[in-house]
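Colleague: Please take a close look at one helix pair, and explain the terms as you go.

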Amino acid sequence: MSEACHILVIDDEESICFAFRRYFEARGHSVEVAASAREGLARYRERRAEIVFLDVRLPDGSGLEVLEELRREDPAAVVVVMTAYGTLETVTRAIRGKAFDYIVKPLDLDRAAEIVGQSLASRAASGKTVQTLPAGGERGAVLIGSSAAMQDVYKRIGKVAQSDAAVLIRGETGTGKELVARAIHEHSNRAGNAFVAVNCGALPDNLVESELFGYVRGAFTGADSDKPGRFELADGGTLFLDEIGELPLAAQVKLLRFLDEHIVERLGSVRSIRLDVRILAATNRDLGRAIAQGQFRADLFYRLAVIQIALPSLSLRSDDILPLAAHFLALRSAPAAPPPITPQAAELLHDYAWPGNVRELRNAIDHASIVSAGGPILPAHPPDSVRLAAPAGDPAEPFARYLDAIIAHAAQADGHVYDAAIELLERALIDHALRETDGNQTAAAAWLGLHRNTLRNKLRDLGLPSDAQ
């Protein structure tokens with residue numbers, strides 16, 4: 001960072017303040033520290049810092065309340081919230097309070113330096129700090145986890161909640177896609193209105209349109225009266241379309257029209273109904289492949305995927321396994337205190353690969369709770385699938401299993417195993433890069449270390465959408 005600035009650190013941990021001072025003063029910045037909320041506010045009033053690093057837990061109050069006070073006194077204040085206790089509520093409240101960013105302890109000072117650089121660049125480019133989300137009431141959906149992967153999910157939820165843009169939530173079965181959708185709704189201005197969830201894969205093809213869009217009397221045999229569809233029931237609120245990849249093509253056309261025009265027509269009617277509904281969708285399918293196979297419309301994908309949230313599998317957030325297990329035990333035991341999990345059982349849970357993700361973990365905890373009859377959870381109590389499985393152990397094992405699955409699938413390709421396996425790997429790698437970069441092909445190419453034209457050629461060769469982005 002070439003430009004020097006004044007930094008205020010509000011944190012009661014002396015080691016944190018010392019580390020900030022040593023790191024940033026060595027880089028030409030001036031650093032002032034405060035050990036309490038009252039002292040931090042006083043120091044900011046005496047000399048307004050270019051950037052404030054603010055701890056959530058202070059000895060005389062909440063750092064989030066300090067954030068609100070700083071924003072009231074100085075709307076241009078650049079505040080970065082720090083905490084060792086990252087939760088969805090903390091992240092969304094920080095973002096709603098217009099925090100510039102949010103970082104989790106133990107601190108990565110190199111990351112803190114990047115944030116300082118970003119704030120200075122933003123100030124230089126616009127003459128003021130960037131605008132973030134408006135403040136709002138505090139609500140909550142039950143998302144558990146403090147891992148870095150979940151912190152990224154929380155930040156994305158907080159940032160998209162106040163928008164009315166469509167969101168596509170992607171992740172394996174059991175990762176909590178509907179919980180994320182509910183969290184977006186509950187932290188939005190639509191929270192007082194309906195949240196309507198529809199599992200597109202559970203609707204028979206011949207009932208999809210009538211369920212979603214409704215019908216009028218006489219539209220078909222058995223239609224004895226008018227019936228509103230799920231879109232109308234969600235008017236003013238949010239419609240969550242789970243397993244969107246299973247939606248029939250005819251219904252996809254109507255959904256695309258709604259996204260473009262915000263109108264629906266009941267089956268058997270020519271009258272258009274204008275609605276105010278936010279669309280959230282989720283899938284565990286490779287929609288790029290579905291598009292290539294003619295099973296999903298590319299134009300609908302681009303309208304739905306204005307914003308994407310990719311949920312990590314539980315195996316990639318192993319630090320969250322035991323907090324999740326404790327949470328599920330508490331839910332099952334309420335109002336009584338939950339039984340303890342013995343260290344041996346905790347090790348067993350932590351080392352298991354959890355292919356069914358959070359949903360499998362919850363079922364395992366329910367099983368263990370019943371078998372333990374309310375006593376401590378022992379290694380003998382989880383189901384056989386957990387107790388008898390080989391430990392997750394080597395982090396390369398999931399890839400090895402994935403590679404075995406690719407080779408087995410490729411072996412069905414009429415003798416062209418090598419080409420088929422390489423295509424599957426390329427498709428997975430490119431799809432991951434596009435998800436990581438929200439579909440931005442230029443950024444995805446840079447992430448992969450490819451020229452953008454090379455990426456576009458590969459997209460074309462793989463039958464994936466290659467429209468310029």
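Modeller: A residue is called buried when its relative accessible area is under 20%, exposed when over 50%, and partly exposed in between, using a 1.4 Å probe and protein chains only. By that rule, 46% of the 469 residues in the protein are buried. This is a predicted model, in which local features need pLDDT of at least 70, side-chain atom pairs count only at pLDDT 80 or more, and totals for chains, interfaces and linings use all residues. Residues are numbered from 1 along each chain as its sequence is written, and side-chain values use heavy atoms, with hydrogens and water left out.

The protein has 20 helices and 14 strands; these are DSSP runs, H or I of at least four residues for helices and E of at least two for strands, numbered from the N terminus.

Now the pair itself. Helix α13 covers residues 321–333 and helix α14 covers residues 343–351. From α13, the residues I321, L322 and A325 meet A346, L349 and H350 of α14, where contact means heavy atoms within 4.5 Å. By class, this contact has five nonpolar residues, one polar and no charged. Here Ala, Val, Leu, Ile, Met, Phe, Trp, Tyr, Cys and Pro count as nonpolar, Asp, Glu, Lys and Arg as charged, and the others, Gly among them, as polar.

Definitions and conventions
Axes are lines fitted to C-alpha atoms, for helices over the stretch in contact, and angles run from 0 to 180 degrees between N-to-C directions.
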